[in-house]
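Let's take a walk through this structure together, one stop at a time. Have the sequence and the 3D view open as you read.

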Amino acid sequence: MTSPTSRRSYGVKGAPYAFLVPAALLFALFFALPIGYAVWLSFRKVHVSGLGLGAGARTEVWAGLENYKDALTDSEFYDGALRVVGYGCIVVPVMLGLALLFALMLDSERVRLAPFTRLAIFLPYAIPGVVAALLWGFLYLPDVSPFYYVLAKLHLPQPNLLDGGPLYLALSNIAVWGGTGFNMIVIYTSLRAIPAEVYEAARLDGATPLQTALRIKIPMVAPSLVLTFFFSIIATLQVFNEPTTLKPLTNSVNTTWSPLMKVYVDAFAKGDIYSAAAEATLIALATLVLSFGFLRAANRRNKQEAPA
């Protein structure tokens with residue numbers, strides 16, 4: 001017979017697992033299960049018999065890697081991936097550079113109104129992506145934008161930001177405007193965690209504020225920079241809201257401008273959920289490889305730079 005003491009010990013040891021059960025169920029139902037179902041669909045296709053009419057004329061069969069082969073050889077999917085790469089080459093360095101700059105400025109002893117400034121920089125992140133894209137889309141339209149009105153009054157050139165190469169800058173600006181504040185908060189929090197004794201030692205050694213920032217602050221917040229870069233890669237590969245929202249405003253953004261938009265078109269416009277599942281799986285794999293590849297490279301570099 002189990003003693004009361006043993007039952008209490010078992011209950012204490014099992015308490016953490018009991019608290020994990022709701023989170024594990026939600027993770028399984030709304031994350032793991034949909035991913036598994038999408039992967040399963042990516043290996044299936046519809047087989048049409050005859051004219052495709054009548055009961056049983058359309059059956060779901062095993063397709064193997066056929067959907068993946070079609071996705072990798074699809075010019076629209078490939079072109080969308082190239083556009084996202086160009087988009088990411090603008091967004092990621094500019095966004096992280098500004099976030100680091102703002103964090104260093106806010107960590108300075110001479111800064112004034114630091115709480116208000118932090119809130120002002122972070123506030124765009126709190127605005128939903130669709131709303132932000134609509135706001136900037138209004139400012140990009142020559143007929144209604146107040147900026148174009150001012151440029152016209154000053155007899156200055158009025159570039160079309162919704163056509164050609166400037167379109168990348170217009171889309172990147174929306175992402176940078178919305179994401180810089182979040183990354184700044186992450187880096188700024190790491191800066192505030194640096195012991196004050198480190199700054200005092202640098203000051204006694206005669207280090208200038210610029211030298212302190214370059215030789216102490218930035219190296220010590222390197223893990224936060226890696227984390228923000230990790231998040232930025234994921235967000236860049238999954239860009240959807242900005243081009244989708246700006247699409248009605250310009251002919252330069254087609255329905256398959258990004259790979260995720262191609263997934264949406266195949267799944268909901270063409271009704272080909274099998275090809276869409278394969279494309280979504282490829283996007284997830286690319287995100288996984290790039291993100292964890294970068295993390296592994298960063299960890300290897302940290303181990304090499306660590307003192308023996």
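A residue is called buried when its relative accessible area is under 20%, exposed when that value is over 50%, and partly exposed in between. Keep in mind, too, that this is a predicted model. With a relative accessible area of 2%, Lys262 falls under the 20% cut-off, so Lys262 is buried.

What does Lys262 pair up with? Lys262 makes a salt bridge with Asp266, and their closest N and O atoms sit 2.7 Å apart. Asp266 is buried as well, because its relative accessibility is 4%. Both residues belong to helix H12, which covers residues 259-269, and because they are four residues apart there, about one helical turn separates them. An α-helix has 3.6 residues a turn, so residues three or four places apart point the same way. This pair is also part of a network of salt bridges that links Asp74, Lys262, Asp266, Lys270 and Glu279.

The salt bridge count comes to eight. Another one joins Lys45 and Glu66, with 2.9 Å between the closest N and O atoms. Lys45 is partly exposed at 27% relative accessibility, and Glu66 is partly exposed at 34%.

Now for the nonpolar side chains. In soluble globular proteins, nonpolar side chains tend to be buried together. Here the largest nonpolar core has 23 residues, and the ones that touch the most other members are Tyr87, Val91, Tyr140, Leu167, Leu171, Ile174 and Trp257. Which elements give two or more residues to this core? They are helix H3 (75-106), helix H5 (129-140), helix H7 (166-192) and helix H10 (222-237). H7 provides the largest share, with six residues. There is also a second, separate core of 16 residues, and among its members are Tyr199, Ala202, Ala213 and Ile216.

Setting aside neighbours within four places in sequence, Trp257 is in contact with Gly80, Arg83, Tyr87, Leu167, Tyr168, Leu171, Pro243 and Ser252.

Some nonpolar side chains are at the surface instead. Val21, Leu25, Leu26, Leu29, Phe30 and Leu33 make up a nonpolar patch there, with about 640 Å² of accessible area together. Val21 belongs to helix H1, residues 4-42, and counts as partly exposed because its relative accessibility is 43%.

Next, look at helix H6 (residues 146-153). Its N-terminal end is capped by Ser145, which places a side-chain oxygen 3.2 Å from the backbone nitrogen of Phe147. Just after H6 comes His155, with a positive phi of about 60°. Why point that out? Most residues other than glycine have a negative phi. His155 sits in the loop between H6 and H7, and its relative accessible area of 73% means that this residue is exposed.

Thr281 lies in helix H13, residues 273-305, and is buried because its relative accessible area is 12%. Not counting residues up to four places away in sequence, Thr281 touches Ala38, Val39, Ser42 and Tyr68.

Arg118, our last stop, is in helix H4 (residues 114-122) and is partly exposed, with a relative accessible area of 24%. Beyond its neighbours within four places in sequence, Arg118 is in contact with Leu106, Met184 and Tyr188. Leu295 is 177 residues away from Arg118 along the chain, and the C-alpha atoms of the two are separated by 28 Å.

Note on methods
Residues numbered from 1 in each chain as written. Predicted model: local features only at pLDDT ≥ 70, side-chain atom pairs only at ≥ 80, totals over all residues. Heavy atoms only, no water. Buried < 20%, exposed > 50% of the residue type's maximum accessible area, 1.4 Å probe, protein only. Contact = heavy atoms within 4.5 Å. Patch = residues over 30% accessible without salt bridge, like charges linked within 9 Å, V, L, I, M, F, W, Y side chains within 5 Å. Areas by Shrake-Rupley, 256 points an atom, 1.4 Å probe, with all protein chains shown as cover. Salt bridge = Lys/Arg side-chain N within 4 Å of Asp/Glu carboxyl O. Polar contact = N/O pair within 3.5 Å; in protein donor to acceptor, adjacent residues only side chain to side chain. Core = buried A, V, L, I, M, F, W, Y, C linked by side-chain atoms within 4.5 Å.
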